[in-house]
Amino acid sequence: MKRVSAIGVATALLIGAAPAVTQTASADSAVVLPTIPAHSALRTLLSASAARHPAGKAERRAAVGRGDITGDGVGDLVTVQSGSNRIDVHAGVLGGSRAFTTSTAVGTTGADRTWIGQGDLTGDGNRDLATLSTDGTMRISVHSGTYNGTSTFNPEFTWATGWGAGSLFTLVDFVGKDPNNPTELDGLADILFRYSGDNSYYLYINEGLNANGVPQLANAGALLNSMQAVTSVSIADVTNDGFPDLYMTFTDGSARLLDIFAEQDSSGAWHEKWYVLQATGATSADVHTLVDVTGDGQPDLVTRVKATGELHCTAHAPVWNPGAPSTLFDPAREQLLSSGWNGYRLVA
Ligand SMILES: [Ca+2]
Ligand SMILES: [Ca+2]
Ligand SMILES: [Ca+2]
């Protein structure tokens, strides 16, 4: 694993030359699906997990908690308003229609910000904010520990530069920092992103804070190749196996799920599998995020349709059925949460 200082990210990206990408179209797909490179962090993860947990995935331990911003343990949304660039937190409320209807301004960000993300970068259980500027600068605002309007987040600071070639950023506790036991999540949000230089999806592992309180990153390399047809990524454990799954939408309008620990062969090795959750229409929404709205502990699908300003929720099925993947987020269960969301240029 290549260790990088936060400021060395851009250099690391350039040095970390990706393997040659072989384009292969899956037989059941009109789009190129991402593939896991042969000698990648994920392959290592799969084999390490098989060695450590030969009896199966039920032994893997889930995240200690995904954290939130308001402090009640229920996931929240963050937006940046068009024009004013005000940052609002929309409080999650379990049980349905009142979710995200109460908002609180927590600050203002720059007009040059093209992405905002939320995740616990410091490991205290409170989600922090990260933003990306058009010049490739990533800044973070650490949660103060108290949810209190504009004092909720400490002043932002520059975390790293050189991220301009990245897209589809996701902040999520994807692996634990202990290389001997990566499937035990550590509560530290890692960062995943597509690099335009090779269309691969990279994982930078959060190794915790340095003496100055700045999260340190280690480049774990490319998780996936051939990400060019992907239009959004949201990561959460929706198959209930204790390890995050990757929900993606594609240029053909499909929504698909990559379950990393889908099947175990007779030698104990794990294999990933793609599932089609929705064949068409998924890209009518421009924001897709996985957060528990109903309160059953399973992530629901929350989407924003910018054209109508509507925020929708599709409740997670009671049980993940790999034989009927389209039932996971059955469009028949889709509900309107609220309107007026077209005024936000960024949603996370
Ligand atoms: Ca909350
Ligand atoms: Ca935090
Ligand atoms: Ca982590």
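**View 1. Strands β17 and β18 run antiparallel, joined by 5 bridges.** This is a predicted model, where local features need pLDDT of at least 70 and side-chain atom pairs count only at pLDDT 80 or more, while totals for chains, interfaces and linings use all residues. Residues are numbered from 1 along each chain as its sequence is written, and chains are lettered from A and ligands numbered from 1 in the order in which they are written. Here β17 covers residues 287-291, and β18 covers residues 300-305. A strand is a DSSP run of E with at least two residues, a helix is a run of H or I with at least four, and both are numbered from the N terminus. To count as paired, two strands need at least two DSSP bridges between them. Look for L290, which stands opposite L301 in β18.

**View 2. On to the hairpin of β18 and β19.** Strand β19 spans residues 310-314 and pairs with β18 in the antiparallel sense over 5 bridges. R304 has L311 in β19 as its bridge partner. Between the two strands sit 4 residues, and in that turn G309 has a positive phi of about 75°. As a bit of background, strands of a sheet pair through backbone hydrogen bonds, either parallel or antiparallel.

**View 3. Four strands line up as an open sheet in the order β5-β6-β7-β8, with antiparallel pairing.** At the edges are β5 (113-119) and β8 (157-160), each pairing on one side only. Ignoring direction, neighbouring strands of this sheet are turned by 30° against each other on average; the axes behind that angle are lines fitted to C-alpha atoms (for helices over the stretch in contact), with angles running from 0 to 180 degrees between N-to-C directions. Zoom in on β5 and β6 (residues 128-133), and you'll find 6 bridges in the antiparallel sense. Q118 stands opposite L129 in β6.

**View 4. M138 sits in strand β7, residues 138-141.** M138 counts as buried because 23 other C-beta atoms lie within 10 Å. Who are its contacts? Leaving out residues up to four places away in sequence, M138 touches A130, L132, W159, A160 and W163; a contact here means C-beta atoms, placed from the backbone, within 7 Å. Take A160: its C-alpha atom is separated from that of M138 by 5.3 Å, although the two residues are 22 residues apart along the chain.

**View 5. Strand β11 (residues 200-209) pairs with β10 and with β12.** With β10 (residues 190-195), β11 makes 5 bridges in the antiparallel sense, and Y195 stands opposite S200. That hairpin has 4 residues between its strands, with N199 in the turn showing a positive phi of about 60°. With β12 (residues 215-224), β11 runs antiparallel over 6 bridges; the partner of Y202 in β12 is A222. This hairpin has 5 residues between the strands, and G213 takes a positive phi near 80°.

**View 6. Zooming out, the protein chain has 2 helices and 21 strands.** Of its 348 residues, 46% are buried. Among contacts with a separation of 6 or more, 50% come from residues 24 or more positions apart.

Key:
A residue is buried if 20 or more other C-beta atoms lie within 10 Å of its own, exposed if 12 or fewer, and partly exposed in between; C-beta atoms are placed from the backbone. Two residues are in contact if their C-beta atoms, placed from the backbone, lie within 7 Å.
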